[in-house]
Amino acid sequence: MTMRLVRTELVDSREILPGQWLQSFLAPELSSGSRAGQFVHARTGDLSGLVLRRPFSINTADPATGVITIHFRTIGRGTEWFTRLRPGDTVEMLGPLGRPFEVDPRSRHLLLIAGGLGMAGVRSLADEAINHGRQVTLLFGAASARDVYPSSLLPDEVEYVIATDDGSVGHKGFVTELVPDYEGWADQAFACGPAPMLAALARIAEGRRERLGVAKLGRKRGVGKPDVVGSTAARRKAFLQVSMEQNMGCAVGACLGCVIMGTNGVPQRVCREGPVFAAEEVAWESGW
Ligand code: FES
């Protein structure tokens, strides 16, 4: 689907965690035309008349009701403006933007890994996967129990495993420490969170083939002509795909404010070439 400017209407707004909001918007054009991993660029206003645009992952999209949700933390004027919206208020959104997650049709077991607000980046993939009959384990990391995304907001079918820095709930430590328990089970992994977390996951994924021998899908995967780096097909075959949380300006590829370095030596715009990348497409050590 091509991106378009859509007039949406707020139908529900809730503070689900301290400073974290979940808002539902009626937006049939976006709910039926978007895929997991894509985002919208929403136009906000404030009393000074200043127009701010803010990118939000499409947290969930329900074609049956025409509703999409966004999940965000209040971090400034743009997001605070959102918290003052009331049902019936309208918001202009440009979307869907960016490239989505690509699930290999043969993958049965998906490992989703989210750190904090990174939940918003993978949340809709859980729905998509379950609708396609796949099994989903979601590993979630937060600072403490008060920041843990409520399990009641996830589909019942998802196995939800939590890690907290202070051990107040679940595993005490980083969410990345949970991955070794699941990497043999998982056909593919999909992650969103802070860059250091994604870089750590990329390192784990790199060594996976040697640790596990031939990966479950590896036998078929290595065969045939190689896929072009950056292509949808290459992405689909990657064990680990990451959704980058990069600051954005224009969100449509023009300002270069969101650039990271690719392993092919070419700068990659998170808003256009991403936000989803195969882990091996990203030059993690370059510190963009
Ligand atoms: S945000 Fe402007 S190029 Fe990506």
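What follows is a short chat about the fold and contacts of this predicted model.

Q: Before we start, what kind of model is this and how are residues numbered?
A: It's a predicted model, where local features need pLDDT of at least 70 and side-chain atom pairs count only at pLDDT 80 or more, while totals for chains, interfaces and linings use all residues. Residues are numbered from 1 along each chain as its sequence is written.

Q: Switching to the core: which residues touch the most other members of the largest one?
A: Leu112 and Ile113, out of 69 residues in the largest nonpolar core. Such a core is a set of buried Ala, Val, Leu, Ile, Met, Phe, Trp, Tyr and Cys residues joined through C-beta atoms within 7 Å. Buried means 20 or more other C-beta atoms within 10 Å of a residue's own, exposed means 12 or fewer, and partly exposed is in between, with C-beta atoms placed from the backbone.

Q: Where does that core lie relative to the domains?
A: Domain 1 and domain 2 both give residues to this core, so it lies between them.

Q: What is leucine 112 in contact with, sequence neighbours aside?
A: Leaving out anything within four places in sequence, leucine 112 contacts Val122, Leu125, Ala126, Val136, Leu138 and Phe190.

Q: OK, the sheet. What's the strand order?
A: Seven strands make an open sheet, β11-β10-β9-β8-β12-β13-β16, with mixed pairing. Strands pair if DSSP finds at least two bridges between them. β11 (171-172) and β16 (276-278) are at the edges with a single partner strand each, so one side of each has no neighbour in the sheet.

Q: How do β10 and β11 run?
A: They run parallel, joined by two bridges. Alanine 163 is opposite histidine 171 in β11.

Q: Threonine 164, buried or exposed?
A: Buried, with 22 other C-beta atoms within 10 Å. Threonine 164 is in β10 (residues 159-164), and its contacts beyond four places in sequence include Ala142, Val148 and Lys172.

Q: What about histidine 109, how many C-beta neighbours?
A: 17 inside 10 Å, so histidine 109 counts as partly exposed. Histidine 109 is in β8 and touches Gln135, Trp185, Ala186 and Asp187, not counting residues up to four places away.

Q: Last one: which residues of α4 are buried?
A: Met197, Leu198, Leu201 and Ala205. They cover an arc of only 95° around the axis, which puts them on the same side of α4; the arc is that of the directions from the helix axis to the C-beta atoms.

Q: What's on the face turned away from that side?
A: The exposed residues Pro196 and Arg203. As for the buried side, its cover includes β8 (109-115), β12 (188-193), α5 (208-212) and β13 (240-244).

Definitions and conventions
Helix = DSSP H or I, 4+ residues; strand = E, 2+ residues; numbered from the N terminus. Contact = placed C-beta atoms within 7 Å. Domains from an automatic or database assignment.
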